[in-house]
Amino acid sequence: TGGSQRWREAAGAAEGRWECSLAAHEPAAVRGAVGWMRASHGAAKRAAAAQLLSPERVVPVARLCHYLECPPLLEAAVRTLASAVDAANAPSVLLLAHELGEPALERAAV
């Protein structure tokens with residue numbers, strides 16, 4: 001398997017294990033994303049997503065999901081950010097859109 005350059009094969013790669021460093025990401029975002037991944041589908045998954053997409057967490061979660069290549073959460077974070085763009089935060093949202101390579105978020109910010 002090719003995989004992203006962000007990931008590297010772990011010592012147990014024969015067992016299908018991969019590793020990546022999460023040190024650069026906010027611990028609350030990492031814990032929340034792991035909680036979302038482990039949550040059962042339905043109400044538990046929706047509740048975990050709602051916590052991740054809160055105003056204080058959505059930016060670090062978007063960065064983490066971009067790094068981890070987790071499209072469902074990244075798309076939800078982008079939608080949340082796009083719906084919250086205003087004149088005061090548009091410049092920072094535009095920079096984030098460029099960082100994440102998200103044209104939909106960029107369009108919302110201009």
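## Fold and helix packing

Among contacts in the chain between residues at least 6 apart in sequence, 43% join residues at least 24 apart. The model is a predicted one. The chain holds six helices and two strands. Along the sequence they follow the pattern β-β-α-α-α-α-α-α. Of the 110 residues of the chain, 35% count as buried.

| Helix pair | Angle between axes | Axis separation | Handedness of crossing |
|---|---|---|---|
| α1 (residues 27-38) and α2 (residues 43-52) | about 160° | 8 Å | left-handed |
| α3 (residues 58-68) and α4 (residues 71-83) | about 145° | 9 Å | left-handed |
| α3 (residues 58-68) and α5 (residues 90-100) | roughly 15° | within 10 Å | right-handed |

**α1 with α2.** How are these two helices oriented to each other? The angle between α1 and α2 is about 160°. Angles over 145 degrees count as roughly antiparallel, so α1 and α2 are roughly antiparallel to each other. On the α1 side, the contact is made by A29, G32, A33, G35, W36 and M37. On the α2 side, K45, A48, A49 and L52 take part. The residues of this contact between α1 and α2 divide into seven nonpolar, two polar and one charged.

**α3 with α4.** Helix α3 packs against α4 at an angle of about 145°, with the axes 9 Å apart. The crossing is left-handed. From α3, the contact takes in V58, V59, A62, C65 and H66. From α4 come L73, L74, A77, T80 and L81. The residues of the α3 and α4 contact divide into eight nonpolar, two polar and no charged.

**α3 with α5.** The axes of α3 and α5 come within 10 Å and cross at roughly 15°. Angles under 35 degrees count as roughly parallel, and α3 and α5 are therefore roughly parallel to each other. Here V59, A62, R63 and H66 in α3 meet L96, E99 and L100 in α5. The residues of the α3 and α5 contact divide into four nonpolar, one polar and two charged.

## Cysteines

How many disulfides does a search of the whole structure find? The search finds zero. A disulfide is a covalent bond between the sulfur atoms of two cysteines. The cut-off for a disulfide is a sulfur pair within 2.5 Å.

Buried means under 20% relative accessible area.

## A loop residue

S54 lies in the loop between α2 and α3. This serine is buried, with a relative accessible area of 12%. S54 and A77 are 23 residues apart along the chain, and their C-alpha atoms are separated by 9.3 Å.

Notes:
Residues are numbered from 1 along each chain as its sequence is written. This is a predicted model: local features need pLDDT of at least 70, side-chain atom pairs count only at pLDDT 80 or more; totals for chains, interfaces and linings use all residues. Side-chain values use heavy atoms; hydrogens and water are left out. Axes are lines fitted to C-alpha atoms, for helices over the stretch in contact, and angles run from 0 to 180 degrees between N-to-C directions. Helices (H or I, at least four residues) and strands (E, at least two) are DSSP runs, numbered from the N terminus. Angles under 35 degrees count as roughly parallel, over 145 as roughly antiparallel, 65 to 115 as roughly perpendicular and the rest as oblique. A crossing is left-handed if the near helix is turned anticlockwise from the far one by less than a right angle, and right-handed if clockwise. Contact means heavy atoms within 4.5 Å. Ala, Val, Leu, Ile, Met, Phe, Trp, Tyr, Cys and Pro count as nonpolar, Asp, Glu, Lys and Arg as charged, and the others, Gly among them, as polar. Buried means under 20% relative accessible area, exposed over 50%, partly exposed in between (1.4 Å probe, protein chains only).
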